[in-house]
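Thanks for coming, everyone. Please have a look at the model on the screen before I start.

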Amino acid sequence: MAEPNSFKVIIAGGGVVGLTLANALERAGIDFILLEKRRIAPDLGASISLLSHSSRVYEQLGVVDIFNAATVPLLDRYNFDQNGYLFEDGDVLKSIGAKTQRPFRFMERRFQLTTLYENLRDKSNVHIQAGVKSFIESDRGVTVFTDNGDQYEGSILVGADGVHSTIRHLLSQAATPTDPERARNLTSPFTASYRAIYATSRNINIGTQKAFMPDGVVHVAYHSGASGVAATGVKGLVFWFLFVKEDETTCTPNCPKYSEEDAEATIEQLGNLKLGSDYTFRDLWNTKVKAAMFPMEEGTVKGSWNNGGRVVLIGDSASKATINPGLGGNTHVEGVCHLMNEMVELLKHSPVPSTNEITEMLNRYEEKQRPRAELIVTLSSFATRYEAMETWWTRMLMPVMRRVPVVLTSTFLERHFAAGPLFEFLPKPDP
């Protein structure tokens, strides 16, 4: 178990949440070990947004200048109907960027992960090819056993290992004999009604030899049963998504797994749909650098995110939003702030906290994070279904939504972002 006079955090998962947490722990002077079952920054074709409140957090961690230098601010959003007709030229992004001085950005997920990893001063705390296999707890700490035969000792275990969380699975197994409902909630917390192609393409249309769209622009296309988003957040590249309504809803862990052939079949079926006024999904596919297709899980784990002891869930292992509005990952950064702030405050008063003190700290983290996570899951779910015009009422709603003043939308988002947490133990960035 952990040394009697030390506090060490074991992080399961080296994604955005795990690496952000590792950076925060290092700056707080709290010992940690990060266990990643694969390698850091796999090249999966995925991209990620950086919103204004997350930019402030990454300012505190000293990486936002790197993000900014590698990206182009997203200032213009254009909405197209299924015929490629531009029906809305919104200034929401421009308005929020001007008021916060931190415009929205988009980047390769791999680049963000690499930057966060390289920002760590002591990389010896990061262990790759070391997936968690099991753990045991005592009143002194947690011992984690990995699938490569190693074991690590710490004070708490944080499951930042994503939608298919091993830590959540282990918690479910532990709950099965005494609380079957709890076990079911942990085993199947998310549903998937949509699938998505995540892709990065060169910003050149082979057919016209012109750029698909200028830098710093977002296109959103509304179709019946499908929708799409494209963003030019890095010079020379287009990050784009095709969202498709599934015939039936599935639950984790039984959501579909898709091959390259499945993605190609989806493009064969829907590639002729327009994403802008003069280009289609197939046009983007023809210049792709990388692409993959995944189910879009959504939901929030019912019941406590901790096990009443020293183990807790964070990020996609606890809540998962559909990706249309790009809010999910940024909300998980908020979760890291809440967890860190509660942890630092606890250790000030109790450097070697008891299990009860740790559980109370984990409960406080969840009390602060859950409401915002559930809100974002709900808003993202609506955006997915609205943009795909899933039902008659979402189709009827579109003319109404077009008339909502930009100031109302931007004010709501600005207030939501302003309420997002920062690291209380680090110097505050400029407002």
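I'll go from the overall fold to a few helices, then salt bridges, then a surface patch.

First, the ground rules. This is a predicted model, so local features need pLDDT of at least 70, and side-chain atom pairs count only at pLDDT 80 or more, while totals for chains, interfaces and linings use all residues. Residues are numbered from 1 along each chain as its sequence is written, and side-chain values use heavy atoms, with hydrogens and water left out.

Now the whole chain. The protein chain has 13 helices and 18 strands. Helices (H or I, at least four residues) and strands (E, at least two) are DSSP runs, numbered from the N terminus. The C-alpha trace spans about 65 × 45 × 35 Å along its principal axes. How does the radius of gyration of the protein chain sit against that of a compact globule? It agrees: for 431 residues a compact globule would be near 22 Å, and the protein chain has 22 Å. The radius is taken over C-alpha atoms, and the globule rule is 2.2 Å times the number of residues to the power 0.38.

Burial next. Of the 431 residues, 57% count as buried. Buried means under 20% relative accessible area, exposed means over 50%, and partly exposed lies in between (1.4 Å probe, protein chains only). The protein chain exposes about 18,300 Å², and carbon and sulfur atoms supply 52% of that. These areas come from the Shrake-Rupley method with a 1.4 Å probe; for residues, only the protein chains shown count as cover.

Contacts. Take those between residues at least 6 apart in sequence: 74% join residues at least 24 apart. A contact means heavy atoms within 4.5 Å.

On to helix α8, residues 260–270. Ala263, Thr266, Ile267 and Leu270 are buried there. Seen down the axis of α8, its buried residues fall within an arc of 100°, so they line one face of the helix. The arc is that of the directions from the helix axis to the C-beta atoms. Glu261, Glu268 and Gln269 are exposed on the other side of α8. What do the buried residues of α8 pack against? The partners are β12 (191–202), β15 (237–251), α9 (281–285) and β16 (288–300).

Helix α4, briefly. Its buried residues are Val92, Leu93, Ser95, Ile96, Gly97 and Thr100. Glutamine 101 follows α4, with a positive phi near 60°.

Then helix α6, residues 166–175, which holds threonine 166. Threonine 166 is partly exposed at 24% relative accessibility. Leaving out residues up to four places away in sequence, threonine 166 touches Val132 and Asp161. Lysine 133 is 33 residues from threonine 166 in sequence, and 7.7 Å away in space, C-alpha to C-alpha.

Salt bridges now. The structure holds 19 of them. The criterion is a side-chain nitrogen of Lys or Arg within 4 Å of a carboxyl oxygen of Asp or Glu. I picked out a few.

One is glutamate 59 with arginine 102, at 2.4 Å, N to O. Glutamate 59 lies in helix α2 (52–61) and arginine 102 in the loop between α4 (92–100) and β6 (105–108), so the pair ties together parts 43 residues apart in sequence. Glutamate 59 is partly exposed at 29%. Arginine 102 is buried at 9%.

Another is arginine 77 with glutamate 387, at 3.7 Å, N to O. Arginine 77 is in strand β4 (76–80) and glutamate 387 in helix α11 (355–387), so this pair ties together parts 310 residues apart in sequence. Arginine 77 is partly exposed at 27%, whereas glutamate 387 is buried at 6%.

Then there is glutamate 374 with arginine 370, at 3.1 Å, N to O. The two are four residues apart in helix α11, about one helical turn. Glutamate 374 is partly exposed at 33%; arginine 370 is buried at 16%. Elsewhere, salt bridges that share partners join Glu298, Arg385 and Glu390 into one network.

Last, the surface. Met401, Val404, Val407 and Leu408 make a nonpolar patch of about 310 Å². Patch residues have over 30% relative accessible area and no salt bridge; like charges are joined within 9 Å, nonpolar side chains (Val, Leu, Ile, Met, Phe, Trp, Tyr) within 5 Å. Valine 407 sits in helix α13, residues 406–418. Its relative accessibility is 48%, so valine 407 counts as partly exposed.

That's my tour. Happy to take comments.
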